[in-house]
Amino acid sequence: MQTLKINVAKIDKTALYNGAKGSYLTLNLKENKDGTDQYGNDGFIIQDIGKDRRLAGEKGPIIGNWKRAAAYAPKEPSHFMASADSEDEIPF
C-alpha cells in the first residue's frame, strides 16, 4: 500500500479528461533518486498532461508526494485452526 498526498490547487484542470463515468485525472508516481527524503516520502506525484503536450516539451506539474506504508508482519496462525499434521483433531 502507498499513501498519496496531493495539493489539489496545483492540478492543471485543462489536462482533465471526460470518460464514461465522469472526469478523470491521470497521475504518475516517480521514486526519489536518493531514496526516502527527510520527510519520509519515497517519491513524488506528477500530473500527466497528455502525449501531445509532453512531445511539445511541456512537463506536468508536481502535485504531491507519496510514501510506502509500513510493512505489516504476517499474522500468526490462529490456535483455532487445525494443524496440518493432525487431520483427526477438531479445532473446537
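Is Tyr-17 buried, partly exposed or exposed? Tyr-17 is partly exposed, because its relative accessible area is 42%, where buried means under 20%, exposed over 50% and partly exposed in between, computed with a 1.4 Å probe on protein chains only. The structure is a predicted model, in which local features need pLDDT of at least 70 and side-chain atom pairs count only at pLDDT 80 or more, while totals for chains, interfaces and linings use all residues. Residues are numbered from 1 along each chain as its sequence is written, and side-chain values use heavy atoms, with hydrogens and water left out.

The protein chain as a whole comes before its details. One helix and six strands are present in the protein chain, and along the sequence they follow the pattern β-β-β-β-β-α-β; helices (H or I, at least four residues) and strands (E, at least two) are DSSP runs numbered from the N terminus. Of the 92 residues in the protein chain, 18% are buried. The accessible surface of the protein chain is about 7900 Å², and carbon and sulfur atoms hold 54% of that surface, the areas coming from the Shrake-Rupley method with a 1.4 Å probe and, for residues, only the protein chains shown counting as cover. Among contacts with a separation of 6 or more, 45% are between residues 24 or more positions apart, a contact being heavy atoms within 4.5 Å.

Rings of Phe, Tyr and Trp (its six-membered ring) pair if their centres lie within 6.5 Å, and planes under 30 degrees apart count as stacked, over 60 as edge-to-face and the rest as tilted. This rule gives one aromatic pair. The pair is stacked because the rings of Tyr-17 and Tyr-24 have centres 5.8 Å apart and planes at 25 degrees. Tyr-24 is partly exposed, with a relative accessible area of 35%.

Ser-23 lies in strand S3, which covers residues 22–24, and counts as exposed because its relative accessibility is 57%. Apart from neighbours within four places in sequence, Ser-23 touches Tyr-17 and Asn-18. The side chains of Ser-23 and Asn-18 are joined by a polar contact of 3.1 Å, that is, a pair of N or O atoms within 3.5 Å, where within protein one must be able to donate a hydrogen and the other to accept it, and residues adjacent in sequence count only if both atoms are side-chain atoms.

Another residue to look at is Leu-4, which sits in strand S1 (residues 2–6) and is partly exposed, with a relative accessible area of 41%.
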